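Welcome, and thanks for taking a look at this one with us. Here is a short briefing to read alongside the model.

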Amino acid sequence: MDLLFLFNDIEPPSTINLVSILILMDLLFLSATAVSEETAETIVKQQKSKRKSTAINFRNSATIEFRVFRGTMNTNTLIANIQLVQLLADIALTNISIAKILDFSFSDLVSEMKKCEYTELIAYCEKKELM
């Protein structure tokens, strides 16, 4: 399995990439951030100004740190976590509009998981009865 790690170090992620990540994480973890095309820039600035220990850390301009996963000794769970982050980054990197990303559903994410053949992530979701 090839994992292209998120965003390259030549070009920092755009506001639309960052907002897409936030919206997708809201979809998964139901924190219900009110995001719209008008508020996108403000939300990214607020997220960047938060402390380092938030669920998603945007403070470094070259990286995005995901701090939502529990530690695990299970290799398949670790791979599933990496696949989830890769899936979110892949979707965000398509430069999909905020309006379209707001229409995303969990079943859309499942379809993307299957298309990418993320078997560990699919198995994890099935084990947790998420799909």
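How many disulfides does the count come to? The count comes to 0 disulfides, in what is a predicted model. For orientation, a disulfide is a covalent bond between the sulfur atoms of two cysteines. Here is the rest of the picture, by topic.

**Cysteines**

**Overall fold**
- The protein chain holds 6 helices and 2 strands.

**Packing and surface**
- The protein chain has 131 residues, and 36% of them are buried.
- Take the contacts between residues at least 6 apart in sequence: 62% of these join residues at least 24 apart.
- About 8,200 Å² of accessible surface belongs to the protein chain, and carbon and sulfur atoms account for 52% of that surface.

**A closer look at Ser14**
- You will find Ser14 in the segment before α1, the helix that spans 15-29.
- With a relative accessible area of 28%, Ser14 is partly exposed, because this value falls between the 20% and 50% limits.
- Ser14 and Leu93 are separated by 79 residues in sequence, while their C-alpha atoms are 9.0 Å apart in space.

Key:
Residues are numbered from 1 along each chain as its sequence is written. This is a predicted model: local features need pLDDT of at least 70, side-chain atom pairs count only at pLDDT 80 or more; totals for chains, interfaces and linings use all residues. Side-chain values use heavy atoms; hydrogens and water are left out. Helices (H or I, at least four residues) and strands (E, at least two) are DSSP runs, numbered from the N terminus. Buried means under 20% relative accessible area, exposed over 50%, partly exposed in between (1.4 Å probe, protein chains only). Contact means heavy atoms within 4.5 Å. Accessible areas come from the Shrake-Rupley method with a 1.4 Å probe; for residues, only the protein chains shown count as cover. A disulfide is a pair of cysteine sulfur atoms within 2.5 Å.
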